[in-house]
Every structure is written in C-alpha cells, then in structure tokens.
Amino acid sequence: MSKGITSQKHDYAAWYTDLVVKAKLADYSPVRGSMVIRPYGFALWENLRDALDKMIKDTGHVNAYFPLFIPKSFLSKEAEHVEGFAKECAVVTHHRLRTSKDGKGVEVDPTSKLEEELIVRPTSETIIWSMYKKWINSYRDLPLLINQWANVVRWEMRTRLFLRTSEFLWQEGHTAHATAEEAKKEALKMLDVYRQLAEDYLAVPVLTGLKSESEKFAGAEHTYCIEAMMGDKRALQAGTSHDLGQNFAKAFEVTYQTKDNKEELVYATSWGVSTRLVGAVVMTHGDNKGLRLPPNIAPTQVVVIPITRTDEDRANVENYLESTLSELKKNGVRVHVDWTDSSPGFKFNEWEMKGVPIRLEVGPRDMKSGNVVLARRDTGEKSIVDVATLTALIPKMLDAIQSELFEQAKTFRKANTHTASSYTEFKDMIKNHGGFIRCGWDGTAETETAIKEETKATIRVIPFDESPDNLTCIYSGKPAKHEVIFAKAY
RNA sequence: CGGGGUGUAGCGCAGCCCGGUUAGCGCACCUGCUUUGGGAGCAGGGGGUCGAAGGUUCGAAUCCUUUCACCCCGACCA
C-alpha cells in the first residue's frame, strides 16, 4: 500500500475514492459500476443495518423477502413509476448459455428466449403490491407493515463507490393502511427513525422535510427525506420516505372491506436507506488521515498496538492487558489487538486510516510505569493513562467521541448554511462558497429548473421548520410559497 | 449517445516521436539477517502472450490497418 491519500483540499473526489479503497471498505468489481464491499466496509454496514433493523422492528414492522425478478408488465402498471425507472432497468431476456462455435467461450442460447422478459428490481413496489392484492381483503388485514433487506439494481451512467453503484444494498419498507392520515403518519414516523439512525449512530446531522415535485419518488404523492451536508459542503440525500397515497393500490387494485362492508382502496408508504449511508459517514467525518468512525458503528472501537522486540515482550503485553481487555469485551467494547509484524509507525497510520476511535500503545516503558498511551482518532490527542483506569475510561471516551463528532458536523453545517437576499448573492454563494442556501421559492417548477440550469444547485429539501411568510422567491421575486434549502448535490 | 484520453508485472508508471542487447523503474509480494514508541534498513528473489488481430521489416512495445476494453467530461439518478 502506498503512503497516504489525496488531500481533501486538493481533490475531494479523489480523496474519497482513495480512502474507500485504501481503508479497504470496498473495491472495484470486474463489472463497471458495481463494487465489492470488503469485510471492513461490510462490518460497518452490518453495524448500522443491525441498529436500523432493531428500530424497524421496534416500530412494529416485520421482515420478509420478495424476489429479485419482476415481470416486465408490472413496471407499466403505475405510469409515473415507469417513467422514473424505465431508463435504468436491467432486463433478463434469456435463461441459458451454450458453448460458442469456436469452443472457446460461451454465448447466449437464442432458443432460450423468455416468453415475458424479467426486470431486475430497481425497487420492489410492483412485486410487493401484486402480493398485497392477494393478502389484503379486510380492514382486519391492515395496517400491513413489512420491510425487506435486499439488493436492487439501477443501471446508472455515472457511478461512485457507495454513493451510486449499479447494484446496492438497502432496506425497503412497504406498508398498507386504511386511511390517508395513517399512511402519512407512517411515512413521517419512519423518516424520524432515519433521522435517529443518522444522528445517534452515524453522528451525521440531517435536515428533515419534503422533496419538491421534481425530486420526489416516481409514483409518490409526497417524498420526505433526510438530507446531510458532506465535507465538501455538497448535499447528500441520505434516506427517503414516501407517502404513496393510493397510486399503487389503484394500479394493483388493492382494496379492502371496511367495517360497514364497503370496498375501499388502501393507502401506501415506502421508505428506504441504502449502503450510500456508508459514503455519508466517510464524507461527514473523514479527514486527510482517513476515516473517523463514530464509535456506535465502528467495527473496531479500540485498537491495541503492542510495541515489542522479543517473544518475552509479547507475553508480557498479553499478561499486562489480559484482564483489562476481557473486561472491556464483556462490556461490549469492540477491541482488536494488532499482532501483525508491521512496524508500530505503520500500524498507527493504518488504523488512523481505518478510523478506529481509540488507539492504545503498549510497550516496555508503559508496562514499567503501569500506564498505556491512549490516542484519540477524532482529535489526535495523545495521553498517558493508568492501565487500571481503562475499563472505566474507555466507554466514557467512546461516548464523548460519538457526541463530539456529531457536534462537529453540526457546527460545520451551520457554518456553511447561509441565507441569500438576492439572486446575485445566491449565485455568488453557490459558485464561490458552496454549502446550503436557505431562501424563498415561489413553488414553481420553472424557477427550480432555471436555477438548476444556471447554477447546478437544486432544492434539496423543503424543511419542516420552514417559515415562508415574509419571504420572496430568490429567483422570481414573487411571494414565496416555501422556504427551501438549495445546494449542489451528490 | 456526443467530446477527450489511456491500454506495458497485483497497483502506479517510463520506454513509443527517432524500430536494434535479456523490456525497465517505484510500490506491493517472497526469503534471510538486523530492526520495532509515527509509514524500518540491507542483501537476495519471483512475477510480463507490452489489450487483441493482421500487416510492413532481417528485426516491432515502438511504424501502419482493424478491433476490443476501460477511464474522464456532458444529458439521468437512493
């Protein structure tokens, strides 16, 4: 491994890619646009997945699994939905290969052409709602609250590790409700679950609110989102929750009988977050030395670097730390001792790259004095502490790192969120400073498009706490319909 | 699909213009010794159909033709 990574200042995109590859979160796969999630990256994903899975279950949902393949005809049942996804669907047309004529390879056997072609799911609304039609008959079947963890495929033009790949992992919740109010409540509830996941586990502060018409999910009545600011001040959509109204119920004829024996269409929601969140963690907290992982999801929370010359030293270090480490592990702290034979200096850099929150250095000097050297990844602070205090100190310090990372990210977002009083000022800010701009919008698609074309900035979110009353539209000067956040986005 | 670029060891590259020993360098890898508190040193070693096919030539990584692949920039997007 070559030393270091491109600095953020020099080239943020290169910094990101270097880091993801060198910290061994992921690697490029032989297929363009798709990636391999390596064990370290997958462990990170598993930790956030497990936290979210618990929250999803605690809010009354159950997991299930729906198939990867969707009949092509299903996609055309909901007009807007087709419009949104048709251009990026992988299609299965055949089911058999045969040895090619020259005997050197394989080719598609033309006689194996499928009657009806299959779509690899870009999202599962259609297949799920085809099943819900069978499962929902009575008001007693509602609400139906199902989540699935799955991979989906969207044939993207431009891809980036974790942020946008042709195949990605996510969870998608799909619920059915008797009333519009209930569906809306559900969509908002799950959005808040996402907010908690982002803030409490990933230490990524997010804005919550509504998407504009042009940014909303194809087939939804309303799309709610959590929106985060990355280290280069660009916005990242970190999760979405859709109030689907009766669109899919209509398309798939999903009705239920009410108490008084009337037939009604059900109301739906869907909501999802993906492996993109791993990218959000990288770009929210990472620095020029590498990752800085929030302890709550860090695969390793404490790494121990033994500094030894001889086998005897090694045995001494093992003895020295035995009770401390077992006590920490018993308390659920994820500890790893790096016994590989690289030099200590190499290991320091390596684990800093990997973002482990706390590093302990233990060598002959420390053992003599009854101490260890403790280094914090987030601040770079090094201190010498009594080995006997570690079991009490470390959990506290992990908590402190978790909340300080969050506070730091909030401070950064605040420092880079501005209001603009004129369109000239708006353009100047987007061009020269980046970040979020909070301003009035007249609510028209024309304005939104015009701003996008001229500045590349889009409406990221109409925040729940908007107050458009005395605002005018930044572009048209008309009275504002909404107060919105504009930014350049990933 | 439009514009630009690159294919030489696992990775990053030089060599190509101007054809000529055994195709070279850095990193990584292997072995040994010495090392180890911020990316260790020395010595030795393994690894290549020079993207592919055809051509010119006594001779091609280098020149010509064809072809394939990938990357970057634009229109789409969790």
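**Figure 1. Overall fold of chain A.** Chain A has 14 helices and 25 strands. Its radius of gyration is 26 Å, close to the 23 Å that the globule rule gives for 490 residues, so chain A is as compact as a globular protein of that length. The model shown is predicted. Along the principal axes, the C-alpha atoms of chain A fill a box of roughly 80 × 70 × 55 Å.

**Figure 2. Burial and contacts in chain A.** Of the 490 residues, 40% count as buried.

**Figure 3. The largest nonpolar core.** This core has 119 residues. L202, V204, A228 and A238 have the most contacts inside the core. Helix α6 (residues 180-201) supplies the largest share of the core, 9 residues.

**Figure 4. Surroundings of V204.** Neighbours within four places in sequence are left aside here. The residues in contact with V204 are then A198, E199, A228, A238, A280, V281, T284 and A409. Two of these, A228 and A238, are named with V204 among the residues with the most contacts inside the largest nonpolar core.

**Figure 5. The surface near RNA strand B.** There are 37 residues around RNA strand B, and Q237, S343, G345, G363 and R365 come nearest. By class, this surface has 15 charged, 12 nonpolar and 10 polar residues.

**Figure 6. Elements that supply the surface near RNA strand B.** At least two residues each come from β13 (235-245), α10 (344-353), α11 (364-369) and β20 (371-376). Helix α10 gives the most, with 8 residues.

Notes: Residues numbered from 1 in each chain as written. Chains lettered and ligands numbered in written order. Predicted model: local features only at pLDDT ≥ 70, side-chain atom pairs only at ≥ 80, totals over all residues. Helix = DSSP H or I, 4+ residues; strand = E, 2+ residues; numbered from the N terminus. Rg over C-alpha atoms; globule rule 2.2 N^0.38 Å. Buried ≥ 20, exposed ≤ 12 C-beta atoms within 10 Å, placed from the backbone. Near = placed C-beta within 6 Å. Nonpolar A, V, L, I, M, F, W, Y, C, P; charged D, E, K, R; others polar. Core = buried A, V, L, I, M, F, W, Y, C linked by C-beta atoms within 7 Å. Contact = placed C-beta atoms within 7 Å.
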